[in-house]
Every structure is written in C-alpha cells, then in structure tokens.
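May I ask you to look at the sequence and the structure as I bring them up.

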Amino acid sequence: NGKMQEHHLLQLLSGILEWVDPPDVVAQAIESGKSESEMLDGCRALLSIATVTTPFVFDRLLKSIRPFGTLTLLSNLMCEVVKVLMMNNTEEGTWSWEARDILLDTWTTLLVSLDSTGRNVVLPLEVRNAAASLFALIVESELKVASASAMDDNGEFNYLQASISAMDERLSSYALIARAAIDATVPLLTRLFSERFARLHQGRGMIDPTETLEELYSLLLITGHVLADEGEGEIPVVPNAIQTHFVDTIEAAKHPVVLLCGSIIKFAEWSLDPEARASVFSPRLMEAIVWFLARWSQTYLMPLEEFRDSSTNLCHDTGYQHQSSTSRKALLSFFGEHNQGKPVLDIIVRISMTTLVSYPGEKDLQELTCNQLLHALVRRKNVCVHLVALGSWRELASAFANDKTLILLNSTNQRSLAQTLVLSAYGMRNSESSNQYVRDLTRHATAYLVELSGKNDLKNVSQQPDIILLVSCLLERLRGAANATEPRTQKAIYEMGFSVMNPVLLLLEVYKHESAVVYLLLKFVVDWVDGQISYLEVQETNIVIDFCTRLLQLYSSHNIGKVDFSSDSIEAQAINISQVVFFGLHIVTPLMSGDLLKYPKLCHDYFSLLSHLLEVYPETVAQLSTEAFAHVLGTLDFGLHHQDSEIVDMCLRALRALASYHYKETGAGKVGLAAQAAGINNSNGNPEEGVLSRFLRSLLQLLLFEDYSPDMVGTAADALFPLILCEPRLYQRLGSELIERQANPPFKSRLANALQSLTSSNQLSSTLDRVNYQRFRKNLTNFLVEVRGFLRTM
C-alpha cells in the first residue's frame, strides 16, 4: 500500500530538511557568505522525491513532522529564491538562478500529472494558497524584469527582444503553478493587465509608454501559457486541474477567465487604430499579441460545433480533448452560445491583415501571423464556415490574389498563407463554390506565369532581379495551394497545375543556372503531383505522366553527371520520390542496389515510394514481372532490418498493405497476388516459399529474437495480422516448431498458451477492420511481454 515507500521518503526528507528550512534563514545565510551547496543539494533531493511519488503523497510527507505540507515548503522555498533574484537582479549562473530552475522542475514534475489526467482534481486549500502566493511573486518578479529592461539604455535586458520560444519552458512551469490556484491567479492577471491597459490608454501622449508596454508584453506571454498551454501536435486545453469556486449559474460574461480574455482581445483590437499602432504597438509587442491569439483561438474560438461532433476536424486530427472545467465552460459558452466568437474572429482576421501590411520586413511577426495565427483559424470546419463569410477574410483573400502589397512576404510565408486561404474553402457551401474560390485565389499567379513564359524576350526579362523574386513568390503560392489539396478543391488545383505545365517547362529552361528557382519549380511539381495522385482519372494520369517525363528529361539534360546522392545539394533534393512515382516501379527498383540504399536520403525516399505504392496501388505492384516483383520484395526485406526505425516502419506499412490486399482479394474470389503469393521455383528449379510465407517467417523472427524499437510493435502487429490470416497453416506450423524447441516445461506451456491467445483473445475475428487491428495490437503486446524474455535465451 506504499507505506514503506512513504516512510523511506520521509527519512530522506528529514535528512535534508535543515538544508532548506526555514527558507528565509537559509537564503539569508547564503547571501551572507555561507556555501550554497547544501541548499542546492536539498533542492535536488526534493526534485528526486517528486519524481517517484504523487503530489498528494509528496505533500503529506512533511505533515507528520511539521504543521504544514511539503508543497507549502516548496512554495515558501521558491518564494525566497525569487525574492533574492528580484533583489539582486541576479544574472544566470548564480545559486538563486540555479535553485529557481531546480524548484521549477520539481513543481513541473508534480503538477504536470494533474494537468494531463483529465480528472477533476482539486488540491487542498493550503496548497492552493501557497501556489497562489508563489505565482503572485513570480509575476511581480517578471514584471520587475520587464520594467527594468525599459530603463536600460544599453538594451542588454530589453524584454521585448527576448525570444518567445526561448521562454516557453519557464513560462509553462509558471502556468502549472497558476493553474493549481486558478481562482486566485486569473483575477490577479486580469487586474494587472487591465491596470496597465488603462494606464496606457489614458496616458497617451503624456507619458513614456515603454515601461508599461514591456510589462504588457510579459503579461501576454504568461497569460497565454496559463490559459492555453500546448503539447506537440495537440490543441492546447485548460485542464481539469482548473476547478474554481465559481458555479455554473454565474453569467459567463462575468467569469474571471472571460474577463481576462476580453481585456486582452480589446487591447489587441486597439492595434487596428493607426494612431495607436504608430505610438504603442511595436513589432515585438504585436508578436506577443499574435502569439496569444493563435494559442487562444485554437481552443476557445467557436468550438461548440466541434464539441458536439468530433468529426468536424479540418484536414488534421486536432487532438481536441473533451474535458470539463468551470473556466473552460465559461469560455466555451461565452464565445459559442453568446455568439461572441464571430466578432472576435473578425477582429483576429483584421489584426492579421494589419500585421502583414503595416509591418513590412518584420519576418518573425509575419511568420507568426501566417504559420500560427491564420493557420489556427482553418483547423476546424465550423470556424471556416464563418470565416469565409467575413468581409475581412474576403478582403485578405482578394489582396493576396490581386494586390502586390502582400508580395513583400518572404517565400515561406507566401506558401503558408496560400495554403491557409485554400484550406478555408472547406467552409464554402458546396464543391462548386470551393473550386471557384480557389480559382479566384490562384488566377493571378497562373496568368502571370503564362504571360511571362510567352514573352519573346523571355531569356532577358526573366533574369531581372525583381522578376526572379516575383516568379519565386508566385511559385511558392502555387505550392502552398497544392499542399492544401482536399477532395472538394482538387478539381481547381488540378486545373491550376495543368495551366502552368508549359510555363514550368519553359521557366526550367531559362532558369537552368538559377538553382534556387529550379528548386522551387521542382518542389511545386512535387507537391502538386503528391496532392493529385489519389484523384486522377486515366486521361488525367496520362497527361501528368507525360508532363513529368518531359520535366525530368529537361532537368536531366542540364544536370548530367551533376547529381550527387551523398550531399544535400539542390540536385539531390530534386530527385524527389513523388516526381518519379509515375515512371513505374519496374523502372525504379532495378536501379536500387545495396550500395545506393546506403545513402540515407535516397534510401528514405525509395522506401517512402515503395510504401506509398503498396498502400495506394497494390494491384499495380501485383502485375509486375516475376523478376521485378522479386526485386521489390528483396529491398523490402532489406528495409525491415534497417537501423533507421522510420524506414522499418515504412516497410511494415508496405507489408501490411501487400498482405491485406491479397487477403481481401482472395476472400472476394479474385486472384490477389496470384502466383507471386504461391511458391515458385528458383533458377535452379528448386521450390521456394511464396512471398507472404517468407515475410511471415521473417517478421516472427524479428519480433521474437532480434532487437528493435518498442515503438515499432504497433506497426508490426498491423503487418503480422493479415500475414497470419493469409498463411494460417504456416503460422500453426511455425508455432508448433517453436513450442517443440522449448526444453523448459513451464516455459513450453506458457508459450503454447501465448500463441493461442495471440490469435484468439480479445474477441479477435478474421475481418480486417479497425477494431480487429486494435485488438491484435493488444494481443501482440501481451504476447511479447509474456514470451520474449525466455525465448531470447533459447
């Protein structure tokens, strides 16, 4: 029941207690000249204890010998450290700096588990009070640093020059502490932000706003983390650790979290005033505003439709977590049921337009706007529906399509903005409207490239620096549109690529010595072909094949002998797998020798092609000649034993596709892989196993006796399941042989039971659907846990 562990941890805590308690005495002694080594070791010991226990056990350890818990001690200790940092403006590398980082790690270790459990967890009042006091001191410290930076003439401590991403880790830890006492910390942030906003607004023209602006910048970053801290690949959420004393009957508009968000949005809207923008909103402050809005809008901007129907995600699985907290409910209600999401959406679009037009040359700001804020708006269908109806969005789309103002964006932002604008077409009424919208967005770019390629003096005109820049930007726009290909916009994007086929060939000829432009031309074709590959009819496929052939022939004529697979050159990147996909696997695979597959990029691209073809066109692979098919499977076997786990994963997915295709085809009375799956005679006339039998044997050997990443087991299960269904007799025979080879009777019995359970437990059936794949994944995981340890000793 954990009592022995608690007793042991209490002994450890008792041993280091005098090094850290009372915190004020310890800190004063160190400042007076005592060595800090014991105090730092005590902090490390607290961190170590935190890593092996829960927050509740950690907190009650100290209560048996003190009138307060360990979390209160941790809070008081960190408060003293922060006070020293504030008092001395301590630089990095000192004891207080190091102690703060260790203690922050301790808080993070303890609270991150509560922050991600999805349960309604309320910490004891004593702990919430301690966390609230600590967070208030942390904010005071950060505001002092921000304020001091405004008064520093040398700019050494300029807070506005600090990288947002560089502060993410520390601010995320602050946010965890804030969310442990959200009923106190959100009102605090609201008051601090509102005071500074009012001071700035009322004192325009009378005071130097620098200090206030620095503080507002700091508060924006802290608040953004508190309200919406994000994980990799997930929409950020306010977790269930936020349990406040506010009841559901309170009016949503008066909820502290709503008031805080409203203050920040109102402040952000102020930036639309040209006079205020000129005097108040520096590029760096706008970065903080855009960053906050990007994080906030992903979670709280009109989410109710998605809340009701999780299938409304746009293009990607957003990882939206349906958790309940009163703070979250208030925001969702206010910006959903109270219909406040639409005006806020309009404000965000107008702010985005302003940052792109009014801050030329501000690369970081424009990148945040294009890649984070605007992209966040098109991740959900219900937002897109309202987005495309806004006059501000139509203005942005029109400016992008027809106005040269936005041509000043760099190439990456051109591509990102084009992709976002095309993705928003998902909110149109129907496919016809969506395709027309995309045609309007891309018409100017395609028309210009067609016009340019038709000029009589093309060779001279094309070499002008402004023309090279314009061509590069337009190619990036078309590439961004191609990256956003979806079923309802595929037709317009195919037409876009079709209309510039000849211009692309002509431009490739005239820019043959401009490697950067050649790279963009090829990357556009790569992305366009990738987006179209799943939709093309026979006639369209023939057109694309012909175009790709001519493109590569032209490219090859200028680059004979220049291709270097061992480097990251433009040429190496140009031989992208998507460009050769239409040339036929029977042309590509004979070229893939073991020596060539030693080149990492070429090896990766080849197996990416192989996996893609087997997943999308297994029937085409099945029609290869016996020799070509054998070569394909030879390289697949090579990839299964590769050291790169990503290549192994691609090979397993290819193997799953091959076996699944054969099983489904034969189950429907068709031939499937036909002779390729059956045993054939080799060149000496001796019989050989069929391909599926070979891979069943090989994959079992890999899973039971060889080294591999544990992350691979799920993908391996997806390949093994259809292989067993295709070759049940071989599976039974291999299992029997394995059992007979086991000399230890108890192990033999365990192995027999495990083999039986692998194909029978969890109500597993012989249907290749998602449920059965999931069941078999669990079965294989349990099977390997049960037998792999003693099998490897055979």
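How many residues of helix H36 are buried? I shall come to that directly, after a word on conventions. This is a predicted model, in which local features need pLDDT of at least 70 and side-chain atom pairs count only at pLDDT 80 or more, while totals for chains, interfaces and linings use all residues. Residues are numbered from 1 along each chain as its sequence is written, and side-chain values use heavy atoms, with hydrogens and water left out.

In H36, 14 of the 14 residues are buried, where buried means under 20% relative accessible area with a 1.4 Å probe, counting protein chains only. Helix H36 covers residues 713-726, and its first and last C-alpha atoms lie 20 Å apart, close to the 20 Å expected at 1.5 Å a residue. That expected span is 1.5 Å times one less than the number of residues.

Turning to the whole chain, there are 39 helices and two strands; these are DSSP runs, of at least four residues (H or I) for helices and at least two (E) for strands, numbered from the N terminus. Of the 794 residues in the chain, 54% are buried. Considering contacts, that is, heavy atoms within 4.5 Å, 76% of those between residues at least 6 apart in sequence join residues at least 24 apart.

Leaving aside neighbours within four places in sequence, Trp528 is in contact with residues including Ile493, Phe498, Val544 and Phe547.

Helix H19 (residues 391-402) packs against helix H21 (residues 431-453) at an angle of about 35°, with the axes 6 Å apart. The axes are lines fitted to C-alpha atoms over the stretch in contact, and angles run from 0 to 180 degrees between N-to-C directions. From H19 the contact involves Trp393 and Phe400, among others, and from H21 residues including Tyr437 and His444.

Finally, two individual positions. Cys261, in helix H11, counts as buried because its relative accessibility is 0%. Ser173, in helix H8, is buried too, at 7% relative accessibility, and touches Leu104 and Thr108, not counting residues up to four places away in sequence.

Methods
Buried means under 20% relative accessible area, exposed over 50%, partly exposed in between (1.4 Å probe, protein chains only).
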